[in-house]
Amino acid sequence: MTRFILARCGQAALVLLVMSFVIYSLIGLMPGDPIDVMIASNPGATPEVVAHLRAIYGLDQPILLRYAHWLAAALRGDFGYSRTHAQPVLTVLLPALLQTCKLMLTSFVVSVVLAFALGVWASLKPGGIADSAISLFAFAGISVPVFWLALVLILVFAVTLHVLPASGIGTVGDDGVTDQVRHLILPVTTLALANIGSFTRFIRAAMIETLRMDHIRTARAKGAGERRVVLVHALRNAMIPVVTVIALSFGGLFSGALITETMFAQPGMGKMIYDAILGNDFNLALTGLLFATLVTLLANLAADLAYGWLDPRIAL
Amino acid sequence: MGSLVVLLLLVLFVASAAPVAWWLSVDPYETDLLSQYAPPSAAHPLGTDDAGRDELVRLMLGGQISLLVGVLATAVGSVIGLTVGVISGYFGRRLDAVLMRFTDGMIALPLLPLLIVLGALDLTKLGFSGEFAHSAAAGFWRVVIIVALVDWTGIARLTRAATLALKDRDYVRSARASGGRPGYIMTAHVLPNVATPLIVAVTLTVGRVILFESVLSFLGFGIVAPTPSWGNMLNNAQELVTTAPALAIYPGLLIFITVIAVNFLGDGLQHAFDPRSER
């Protein structure tokens, strides 16, 4: 078990390292590098001056050397300065990360709970009315473009009905929990819907598969109530592949969170990365992307561990 | 099969962009700021957008672009995934381990941020000329390629699993024993038998890819104006919500209908091909 964890952690670290180099190079290819920004409105910036500036800041060195410098600093905990926020990158990133985690965790919990309820219900009578309705709803959920859904929700609930706020994380002057929850409702709904759709389909399929197995028939023959059969015997066995899928999708939540935060103007990490890329804030974009990769890798590691723990047939 | 009908109707809808434009005598690229947000009328059946361009024709044109990007990106991504999967499954051992580690690494990445970074690249820094880098064609192909680059992993895993299963079948082993070269065996024996799950996977990929493209274009990193695409027509949709809500709904609705039809088609194909899968 420990060997497995260590091996996977090592793999994750390797992926992170490779990704850091790839992202570093990619960001270097984006328009508007620091020197360009510096000389943008300066008529005295002749090519010699630009070359001199590049030499001073070390931007004319080969990419591996620049990357090595960045890596050395990063390993010391120094991720640089955010140009657009005029603060060290970590000071800006960590609160945003917290906000995004709030959004991601809430919608994750909501989508898992609802998907289990709907998926189990749909699997009880395959082909029935409930099943058809739920399947249709699940299909719609995975087919809808997230940003459009956000727009429609804003249109219906905020603009037309005026019951929920259209953006932000809290009203000025009101820091209460109710207000924060009200501001979270629409973003969480948007983010959760697509996941509810895909989880429901998986859970339904897994449950239908499990309910056909012999041990379920035995449990029913022995006189167990239907509720016990479904919830205790069937669900536990169906959970195994489902948990893997669910844990693996946690990383995908990040992409959804990016769109949702941008649509609802929430100061989370997704929006931060987006703004950083738009504003050519290299340090922030680079570190933000690496954090996002780290979160995804950790979620995948957790998925593997959960799978090994849940299924006693797999010896870790 | 209803989904097939819906898809055919959609293709018809987008293909008729040129004839409709000619019949209404409107130019989808000509801006007319004096008639912004005009309500539906005889001259403009769905009204005009924020620059005075006819909405209906732009929806059709945008559909052409969006669907084309969807199909092309899926094709390119599928070819990459197929190649990686079959090679990995057929040759096994070291090559398989390396390729699979690479694929797993790609799966572990947060997709959208990566797509955005790739979309924001400045092609002139890679050595392309400034003129080419800013042309519409470059923008179009850039979207196709970056979407294909991140979406091939599912197909790779699928084909690898199928190849591994097929590798030990008798007819494959006898082909190898008779001296068949790996290339021949892969194309003549492995590929046709991988076709079935592959078709389903490719169909479902098209839906996903269309969604990706629309998000990229919406954020401004995919297809850029003035070329219309369903995604970028929603670009300033947040303002539209208060001024002309209908305009914020049409493009997204069309994306939704397309993707749901494609998904239904893929699901239907899956049930048709695999009688064991439950209804």
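Modeller: This is a predicted model. Along its sequence, chain A follows the pattern α-α-α-α-β-β-α-α-α-α-α-α-α-α, which gives twelve helices and two strands. The C-alpha atoms of chain A fill a box of roughly 85 × 55 × 35 Å along the principal axes. Of its 316 residues, 35% count as buried. Among the contacts in chain A with a separation of 6 or more, 71% are between residues 24 or more positions apart.

Chain B has twelve helices and zero strands, and from the N terminus on its elements run α-α-α-α-α-α-α-α-α-α-α-α. Buried residues make up 43% of the 279 residues in chain B. For chain B, residues 24 or more positions apart account for 69% of the contacts with a separation of 6 or more.

Now to the meeting of the chains. In this part, 39 residues of chain A are in contact with 36 residues of chain B. On the side of chain A that touches chain B, the elements giving two or more residues are α1 (2-28), α6 (129-143), α7 (146-160), α8 (177-211), α10 (226-264), α11 (269-278) and α12 (282-310) of chain A. The residues of that side divide into 32 nonpolar, seven polar and no charged.

A:Phe147 touches residues of both chains: A:Ile259, A:Met263, B:Val215, B:Phe218 and B:Leu234, leaving aside residues up to four places away in sequence. The largest nonpolar core has 141 residues, and A:Phe147 and A:Ile273 touch the most other members of this core. Helix α10 (residues 182-219) of chain B supplies the largest share of the core, 16 residues. In soluble globular proteins, nonpolar side chains tend to be buried together.

Helix α3 of chain B covers residues 55-91, and its 37 residues should span 54 Å at 1.5 Å a residue. Of the 37 residues of α3(B), 26 are buried, so the helix is largely enclosed by the rest of the structure. After α3(B) comes B:Gly92, whose phi is positive, near 60°.

Conventions: Residues numbered from 1 in each chain as written. Chains lettered and ligands numbered in written order. Predicted model: local features only at pLDDT ≥ 70, side-chain atom pairs only at ≥ 80, totals over all residues. Helix = DSSP H or I, 4+ residues; strand = E, 2+ residues; numbered from the N terminus. Buried ≥ 20, exposed ≤ 12 C-beta atoms within 10 Å, placed from the backbone. Contact = placed C-beta atoms within 7 Å. Nonpolar A, V, L, I, M, F, W, Y, C, P; charged D, E, K, R; others polar. Expected span 1.5 Å × (residues − 1). Core = buried A, V, L, I, M, F, W, Y, C linked by C-beta atoms within 7 Å.
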